[in-house]
Amino acid sequence: MASSTTTKKMREEATCSICLNLMVEPVSISCGHSYCHSCIVGFIKNLHRMEPWLETFSCPQCRAPFQMASLRPNKQLGSLIEAMKEMDHEMPCEEHGEKLHLFCEDEGQLICWRCERTPQHKGHTTGLIEDVCQGYKEKLQEAVTKLRELEDECMNLKVFTTKQITEWKEKINIQRQKIQSEFKNLQSFLREEEKAYLWMLEKEKEQTLRRLRDNEANLEQKSHELESHILELEAKCQGSAQKLLQDVKDTLSRSWAVKLETPEAISTEVHTVCNVSELYFDVKKMLRSYQVSVTLDPDTAHHELILSEDRRQVTRGGPQEKPDTSRRFSALPCILGCEGFTSGRHYFEVDVGEGTGWDLGVCEENVQRDICMMQISQSGFWAIRLCKKKGYVALTSPSTSLHLKERPLVVGVFLDYEAGVVSFYNMTTGSHIFTFPKASFSDTLRPYFQVYQYSPLFLPPPNE
């Protein structure tokens, strides 16, 4: 009789790797592996459901290609499985050598009549194999049915996900084409506008040149006339007394009558001007699409700073009683916004009014607050400043002077965290003030302000 190890190996060889049961109507495919006929057919149908065009499939075990036509009944394996089933019915108890005709419900194992009487199985619920088998077979079939349902659900979800991937790619392609088309149209429009403005500039050039050349021609003619009179007078002066005095009064009369008319004053200021950014792009609208509501953090406020009740206005006054904490600025009259930025694009506005001095921008959350230091990017600050001595400057190292045509009453601060960009705008005119060199942010950034005497700062809500 075969040993338990040999029997185990035989069962493994005869087990279908799809349903994990002894094969029923075993068939082999071209690579040599065998499966239940219904299992491999079901496997092929599921693949067909996802990809109807497939004609070649991969073996579930070794991934070798095979076709439906390669399925062949494995009669030898079928006979072996039938023999194993007969052996199962005749399998003796390893301990007592008796026939295993009972099933212990408590232990979940086959036993013989002598096992039933041992202390190990005393008091356990036992039954004849023939009586118990049908119930467990039904339970196993229920489990198979449930797993089949889960398998179908899994396949449906996989089909749905595959469909989602295809649809998503299509949406991206459509959006890409839309973006490219819109930029192409804009580029075409700008090229036409460029042509129009260059034509107007050329026309203005020719009109002014024509008038200037007319003046040049008149002056050239007058120059020849003057040269003629000079030569006539010089010739008289070099001749005899008789020639000099002959018709001298007439000659002098004609000489004194010569006048030089001042040419027409022609302006050389260019009138054809085109500010592309102001003409074609609404900077304010673009920036405010990223606007966030910023309020002031009282726990960071220097002891000389006074906050409004809504925490949107800060003024510098006399010393205030405030608890000393590591978060509070103690060396400089500074304060941070409550909001922290770790990703994305963010924009906020600061109403500086007619103030004569201020610093504003963003800084790293953990900048030093107990010592006087340069507020530059190397120290974790990206800010601009208005001061009486230097006017408007960007706090780079060394500082960068900012020559603004108009005084900003409201300053916009734009942060693109991923791009490493901090930019400032004059929101009174919608014009750009300054952009710091590209940085690489890794820490939390917060709105930053330094407040000067008689120069309060106000943070307007986003909708104002």
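Me: Which residue forms a salt bridge with Asp359?

Reply: Side chains of opposite charge can pair when their charged atoms come close. In this predicted model, Arg385 pairs with Asp359, with the closest N and O atoms 2.8 Å apart. The two sit in distant parts of the chain, 26 residues apart: Arg385 in strand β14 and Asp359 in strand β13.

Me: Is Asp359 buried or exposed?

Reply: Asp359 is buried, at 0% relative accessible area.

Me: How many salt bridges does a search of the whole structure find?

Reply: The search finds 15. One of them joins Glu264 and Arg211, at 2.3 Å from N to O. Glu264 lies in the loop between α7 and α8, and Arg211 in helix α5, so this pair ties together parts 53 residues apart in sequence. Glu264 is partly exposed, at 45% relative accessibility. Arg211 is partly exposed too, at 38%.

Me: What does Glu304 meet in a salt bridge?

Reply: Glu304 meets Arg316, at 3.0 Å from N to O. Arg316 belongs to strand β10, while Glu304 lies in the loop between α9 and β9, so the pair ties together parts 12 residues apart in sequence. Glu304 is buried, at 18% relative accessible area. Arg316 counts as partly exposed, at 24%.

Me: Which residues does UniProt list for "coiled-coil region"?

Reply: The unreviewed UniProt entry lists 133-160 and 202-236. In the model, residues 133-160 are 100% helix, and their end C-alpha atoms lie 40 Å apart. Residues 202-236 are also 100% helix, with end C-alpha atoms 51 Å apart.

How values were computed. Residues are numbered from 1 along each chain as its sequence is written. This is a predicted model: local features need pLDDT of at least 70, side-chain atom pairs count only at pLDDT 80 or more; totals for chains, interfaces and linings use all residues. Side-chain values use heavy atoms; hydrogens and water are left out. UniProt positions are given in the numbering used here, feature names are shortened, and annotations may be inferred rather than shown by experiment. Helices (H or I, at least four residues) and strands (E, at least two) are DSSP runs, numbered from the N terminus. A salt bridge is a side-chain nitrogen of Lys or Arg within 4 Å of a carboxyl oxygen of Asp or Glu. Buried means under 20% relative accessible area, exposed over 50%, partly exposed in between (1.4 Å probe, protein chains only).
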